[in-house]
Amino acid sequence: MTLSGHSKLAGVAGWPIGHSRSPRLHGFWLQKYGIDGAYVPLAIAPDDFETALMGLAAAGFRGINVTLPHKQRALELCDRVDATAARIGAVNTIVMTADGLVGSNSDAFGFLENLRQGAPTWEAKNGSVVVLGAGGAARAVVVALLDAGVADVRLVNRTVERAEALVADMQAVAEIQADAGQRASLQAFPWDNHADALSDAGLLVNTTSLGMQGQAPLELELDALPVGAIVNDIVYTPLETPLLATAKGRGNPCVDGLGMLLHQARPGFEAWFGKLPEVDQELRDFVLEA
Ligand code: ATR
């Protein structure tokens, strides 16, 4: 790839960053669309994040993606953040403008786009949604589900207090939204009561790290889950997690997690490089080859 003196610059900031697939992903699109630009990995230690952010803006970067452990700090450092990022409590996309740093969070968008691409028949009115986990990823998924119009979200977490705290947070946001519309039901369930949550669900989403390579498998009894319910794991290493293998074995439609990574990258790419890129099989194969 040849860069000119006018190349558009962006990147991904994290610590560590070596495992990130984002440079490969954005690099594929830059090449595909023939854009004079670069997207680079930026290994930035937590204590250096603010200095680095200001430096990148001063150096003419159009913006960056932000990953662990900087997502909350990024929210504080941006001059403006959009409503979705504020509700999730984290920024993963920063656009550097003449008026300052503009933060947003594309994880909710990525989750929904992946779900819609992988399970085109899914609709918000197709029953309750069960979300496993109550960490940062769960927050983005819950915001996406509420925005999509899901009426009943059930959070199942090992530490039930964390699920309860997330429910309380989301309800507080709904209270202050003038256009909250019909209030969705949000409930926390202890892990051992997962069968109660799963009965009559239309969608099950795993947001925990269980099932990821190197982590314990997610062992969840799925007997209570209707066979027509869609099962989505946001873990994508491996692509077929133990949860998805079990779900597939009993006939549930399954959606893997790779597409969430691919789709969440699209809004940033559009903002920095001027083209809303596509997610297709060729891109999936290219990112998986790494
Ligand atoms: P992230 O930001 O990626 O969501 P996180 O905030 O560390 O990461 O949250 C990880 C989630 O995986 C949590 O819901 C966590 O459950 P706890 O809140 O009880 O810690 C869940 N998780 C991680 N390891 C787990 C395990 N061995 N069994 C059950 N849940 C686990």
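## Packing of helices H1 and H12

Helix H1 passes helix H12 in a right-handed crossing. The structure described here is a predicted model. On the H1 side, the contact is formed by Arg24, Leu25, Phe28 and Trp29, while H12 contributes Glu282, Leu283, Phe286, Val287 and Glu289. Sorted by class, this contact between H1 and H12 comprises six nonpolar, no polar and three charged residues.

Two packed helices are described by the angle between their axes and the distance between the axes. For H1 (residues 22-32) and H12 (residues 281-289), the packing angle is about 140° and the axes are 9 Å apart. Because of this angle, H1 is oblique to H12; the class of roughly antiparallel is kept for angles over 145 degrees.

## The buried side of helix H9

Helix H9 spans residues 242-249, and its buried residues are Leu243, Leu244 and Ala247. These residues cover an arc of only 95° around the axis, and therefore they lie on the same side of H9. An α-helix has 3.6 residues a turn, so residues three or four places apart point the same way.

Just after H9, Gly251 adopts a positive phi of about 100°.

Thr237 is located in the loop between S11 and H9. Is this residue buried or exposed? Thr237 has a relative accessible area of 18%, and it is therefore buried, since the cut-off for buried is under 20%. Leaving aside residues up to four places away in sequence, Thr237 touches Arg21, Gly211, Met212 and Gln213.

Technical notes: Residues numbered from 1 in each chain as written. Predicted model: local features only at pLDDT ≥ 70, side-chain atom pairs only at ≥ 80, totals over all residues. Heavy atoms only, no water. Buried < 20%, exposed > 50% of the residue type's maximum accessible area, 1.4 Å probe, protein only. Helix = DSSP H or I, 4+ residues; strand = E, 2+ residues; numbered from the N terminus. Arc of directions from axis to C-beta. Axes fitted to C-alpha atoms, helices over the stretch in contact; angles between N-to-C directions. Parallel < 35°, antiparallel > 145°, perpendicular 65-115°, else oblique. Left-handed = near helix turned anticlockwise from the far one by under 90°. Contact = heavy atoms within 4.5 Å. Nonpolar A, V, L, I, M, F, W, Y, C, P; charged D, E, K, R; others polar.
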